Amino acid sequence: MAEIVVVVEDDRSIAELVARNLEASGYECHQVHEGDLALGVILQHDPDLVILDIMLPGLDGLEVLRRIRARRDTPVLMLTARAEESDMILGLELGADDYLTKPFSPRELVARARALLRRSRPGSMREMLEFGPLVIDGARRELLRDGARIELTSLEFDLLHFLASRPGIVFSRVALMEQVWGEDRVVDERSIDSLVSRLRRKLEADAQAPRYLQTVWGAGYRFAGEGD
């Protein structure tokens, strides 16, 4: 069965271009052109990926993203015609997994979509990690705390699994960006800070005094295992 992608883009020519290239790569695509209608289409089709423009009539893309994250951990690729860092950082803070700035090449968009879908598939990581009340299940891409599932985005899980599988080792922001987004991506270091902050709010009993995701001042971040 083909993986499903919902394309939320008010410019119909761009939406059609995106959908046509994804369909040529074997994906099933559904288009929606207004922010007010986007969430209903997403809930109806339960897609494997959402491609979401920031500038939309009605609800803007950031508000649509907030509402998606309140209900789903579906991977989201943001599109923006604005190059301001604030848009990109806010989108990542709200739970976007990646972003593309217009104009973009269809080939790059398909490659990004394929990478997000590949990362989000169960079984892409097989290791199960346990730290006290935490269980990080790589095969199912799930985080459990005291047996209860905690919803994580694909990007959040990738960062957590990478650090937790190397407990005690300090990684710089640059190293983490390369691991999470890839070496060819240009991402501001604050994107990692935002991602860590978001993950702490979900993972830690007290995000202001983290037990697991620790900052090493002047160096980066590490995951503290049971003996640390």
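1. A crossover is called right-handed if, with the strands pointing away from the viewer, the path from the first strand over the helix to the second runs clockwise. In this predicted model, strand 3, helix 3 (residues 61–69) and strand 4 form a β-α-β unit of that hand. Helices (H or I, at least four residues) and strands (E, at least two) are DSSP runs, numbered from the N terminus.

2. On conventions, residue numbers start from 1 along each chain as its sequence is written, and side-chain values use heavy atoms, with hydrogens and water left out. Because the model is predicted, local features need pLDDT of at least 70 and side-chain atom pairs count only at pLDDT 80 or more, whereas totals for chains, interfaces and linings use all residues.

3. The parallel sheet is open and has five strands in the order 2-1-3-4-5. Two strands are taken to pair if DSSP finds at least two bridges between them. Strand 2 (28–32) and strand 5 (98–101) are the edge strands, each pairing on one side only. On average, and with direction ignored, neighbouring strands of this sheet are turned by 20° against each other. Axes here are lines fitted to C-alpha atoms, for helices over the stretch in contact, and angles run from 0 to 180 degrees between N-to-C directions.

4. Five of its five residues (49–53) are buried, so strand 3 is largely enclosed by the rest of the structure. Buried denotes under 20% relative accessible area, exposed over 50%, and partly exposed in between (1.4 Å probe, protein chains only). In a regular strand the side chains alternate between the two faces of the sheet. Here, Leu-49, Ile-51 and Asp-53 point one way, while Val-50 and Leu-52 point the other way.

5. Strand 3 is joined to strand 1 (residues 4–8) by four bridges, and these two strands run parallel. Within that pairing, Val-8 has Leu-52 as its bridge partner. Four bridges also link strand 3 to strand 4 (residues 76–80), again in the parallel sense. Val-50 stands opposite Val-76 in strand 4, and Leu-52 has Met-78 as its bridge partner there.

6. Which residues touch the most other members of the largest nonpolar core? They are Leu-52 and Met-78, in a core of 51 residues. A nonpolar core is a set of buried Ala, Val, Leu, Ile, Met, Phe, Trp, Tyr and Cys residues joined through side-chain atoms within 4.5 Å. Helix 6 (residues 154–164) gives the most to this core, with seven residues. Domain 1 (4–120) and domain 2 (128–223) both contribute residues, so the core lies between them; the domain bounds come from an automatic or database domain assignment. A second, separate core has 19 residues, among them Ala-15, Leu-109, Leu-116 and Leu-117.

7. With neighbours within four places in sequence left aside, the contacts of Met-78 include Leu-52, Leu-62, Leu-65, Tyr-99 and Leu-100. Thr-80, also in strand 4, counts as buried at 3% relative accessibility.

8. Helix 5 (residues 106–120) lies across strand 3, strand 4 and strand 5, and runs at about 175° to strand 5. The loop between strand 5 and helix 5 holds Pro-103. The peptide bond from Lys-102 to Pro-103 is cis, with omega near -5°.

9. The antiparallel sheet is likewise open, with four strands in the order 6-7-8-9. Strand 6 (128–131) and strand 9 (148–150) stand at its edges with a single partner strand each, so one side of each has no neighbour in the sheet. Neighbouring strands are turned by 25° against each other on average, direction ignored. Strand 7 (residues 134–137) and strand 8 (residues 142–145) pair over four bridges, and Ile-136 has Leu-143 in strand 8 as its bridge partner. Helix 6 lies across strand 6, strand 7 and strand 8, at about 110° to strand 7.

10. Backbone geometry in the loops of this sheet also deserves a remark. Arg-141, in the loop between strand 7 and strand 8, has a positive phi of about 55° although it is not a glycine. Is Arg-141 buried or exposed? Arg-141 is buried, with a relative accessible area of 10%. Asp-146, in the loop between strand 8 and strand 9, also has a positive phi of about 55° without being a glycine, but Asp-146 counts as exposed at 65% relative accessibility.

Technical notes: Contact means heavy atoms within 4.5 Å.
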